[in-house]
Amino acid sequence: MKNGKLLTIRPSIFSSLHNHSTLAPPIHSFPPESHALSHPTATALAPALQHFINSDTPFQGQKIHTHIIKSGYTPNTNISIKLLILYLKCGCLRYARQVFDELPQRTLSAYNYMINGYLKHEKIEESLDLVRRMVLSGETPDGFTFSMVLKASTCTSKVLLLSSLGRAVHAQMLKLDIEPDEVLYTVLVDSYVKSGKVGYARTVFDMMLEKNVICSTSMISGYMNQGSIEEAEIIFQRTTEKDVVVFNAMIEGYSKSVLTARKALETYVDMQWLNFRPNISTFASIIGACSVLTAAEIGQQIQCQLMKTERFTDIKMGSALVDMYAKCGRIEDARRIFDNMSEKNVFTWTSMIDGYGKNGDPNEALELFYRMQQCHVQPNDVTFLGALSACGHAGLLDRGCEIFESMEQDYSVKPNMEHYACMVDLLGRAGSLHQAWEFVMGMPKKPNSDVWAALLSSCRLHGDVEMASVAANELFKLNADCRPGAYVALSNTLAAAGKWEYVSELREIMKVRGILKNTGHSWIGTEDAL
């Protein structure tokens with residue numbers, strides 16, 4: 001390994017740690033087990049500490065540290081590092097950090113142990129700050145250090161840090177001529193995938209002589225997330241040693257689109273032919289595929305299989321089944337599962353509320369919405385969307401306005417554009433077009449295409465040509481070529497008002513711009529295909 005400093009990773013990347021106050025380990029009376037411990041020496045202390053580090057009760061080894069302090073013995077670097085490892089094994093990060101800070105010479109191994117300790121307890125910023133400190137001290141990171149930095153980068157929610165850190169680490173690995181091992185390759189691929197750099201991840205993946213299933217799974221997830229189904233299938237086919245997780249990655253990816261959901265079912269069958277047992281993630285994804293396909297009969301078969309496992313009572317499974325049956329129009333089956341669930345979370349309630357709203361029973365949806373609050377389950381933004389939609393379909397304007405106002409006032413849920421569009425639709429359906437216009441003009445953010453589309457739809461419903469023209473023009477400014485329905489809605493509004501000259505002009509514009517009305521289609525389920 002070449003000597004050098006990690007120049008690319010700047011100190012500003014990492015946040016600083018809070019100052020650590022001096023702490024003392026718990027005071028225990030330590031009955032000396034031998035004359036050697038009565039008069040501590042490195043030769044006697046090292047095996048004693050190692051014994052507790054390797055044991056299932058490492059906390060008992062803290063007595064040795066207490067005895068060292070009482071005796072006035074000054075431990076050398078080796079003993080101090082063993083004390084550091086001992087406290088990390090006990091989960092006592094504060095004491096471990098105190099031992100680390102008191103080291104006369106902080107070695108690379110000491111830094112690595114402490115950084116790893118922070119990562120295991122999900123203290124990401126503290127671990128990265130320690131890396132920064134190590135770099136500033138002139139210590140050269142090794143492959144293990146880099147693997148931990150990359151692991152930290154995949155755990156952070158800061159997208160910019162995640163993207164820049166992975167590339168910076170990779171650059172330094174090349175600069176310091178560090179030969180990656182399987183672990184380092186794996187975390188590097190995972191880091192690139194999670195930062196959306198699937199192309200970089202593939203470059204690293206192709207450099208691996210032996211590609212493990214973990215890397216293959218990361219690559220499959222990355223390709224599936226960006227819609228590159230064929231590339232994901234190639235990786236999957238080339239993975240010789242498959243496991244349940246890699247099958248789950250394929251099933252989850254397929255289940256996101258109606259065009260590929262059938263393949264999710266086929267993969268689900270294949271994995272069981274190969275004697276892989278579905279786990280909770282498998283069931284969640286395959287039930288999602290049934291939702292996309294509205295394949296209630298297949299969903300029932302999955303439910304029967306699920307009932308034979310210990311996972312049937314899992315809240316995640318119950319919520320997935322409720323959502324699936326509701327989306328398939330089997331609202332009674334959804335309600336039966338909902339009522340028999342011993343525990344419900346916000347996703348369970350939301351799926352049931354949304355199901356009633358979309359299956360023509362808005363009053364029951366609102367009844368559940370209020371019951372949910374009585375059960376002290378706090379609604380989220382999707383729950384509010386379902387409730388507002390139900391109010392729109394039931395024509396309950398006042399109740400919808402109350403729900404919308406309660407979002408921020410009572411639940412600190414900030415409305416997004418979907419909520420604003422839903423309110424415009426609610427006002428429009430109730431015939432309050434001018435109130436809908438004032439609502440749009442009073443929005444704290446610039447209305448998006450969904451909001452203008454909702455207003456245009458309301459104008460068409462009530463024949464307001466002037467307002468429809470304004471809404472359509474605003475909609476065309478945002479995306480003139482992506483909303484053919486807006487042209488059709490405006491054309492129909494003008495036609496209903498007898499303004500045929502404008503209808504002809506608008507249709508001519510559509511021809512010039514190459515805008516065609518989307519062709520309607522229906523899915524028909526058969527035994528062999530959809």
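Phe-369, Tyr-370, Phe-384 and Tyr-411 form a cluster linked by ring pairs. Rings of Phe, Tyr and Trp (its six-membered ring) pair if their centres lie within 6.5 Å. Across the whole structure, the search finds 13 aromatic pairs.

The model is predicted, so local features need pLDDT of at least 70 and side-chain atom pairs pLDDT 80 or more, while totals for chains, interfaces and linings use all residues. Numbering starts from 1 along each chain as its sequence is written, and side-chain values use heavy atoms, without hydrogens and water.

Two charged side chains sit over rings (NZ of Lys or CZ of Arg within 6 Å of the ring centre and within 35 degrees of the ring normal).

| Charged residue | Ring | Distance from ring centre |
|---|---|---|
| Arg-106 | Phe-100 | 5.6 Å |
| Lys-242 | Phe-236 | 4.9 Å |

The largest nonpolar core has 152 residues, and Met-114, Met-219, Ile-220 and Ile-286 have the most contacts inside it. Helix α24 (residues 417-429) gives the most to this core, with eight residues. Such a core is a set of buried Ala, Val, Leu, Ile, Met, Phe, Trp, Tyr and Cys residues joined through side-chain atoms within 4.5 Å; buried means under 20% relative accessible area (1.4 Å probe, protein chains only). Helices are DSSP runs of H or I, at least four residues, numbered from the N terminus.

Leaving out residues up to four places away in sequence, Met-219 touches (heavy atoms within 4.5 Å) Val-189 and Val-193, among others. Both Val-189 and Val-193 are buried residues of α10. Ten of the 13 residues of α10 are buried, so this helix is largely enclosed by the rest of the structure. After α10 comes Gly-196, with a positive phi near 85°.

Note on methods:
Buried means under 20% relative accessible area, exposed over 50%, partly exposed in between (1.4 Å probe, protein chains only). Helices (H or I, at least four residues) and strands (E, at least two) are DSSP runs, numbered from the N terminus. Rings of Phe, Tyr and Trp (its six-membered ring) pair if their centres lie within 6.5 Å; planes under 30 degrees apart count as stacked, over 60 as edge-to-face and the rest as tilted.
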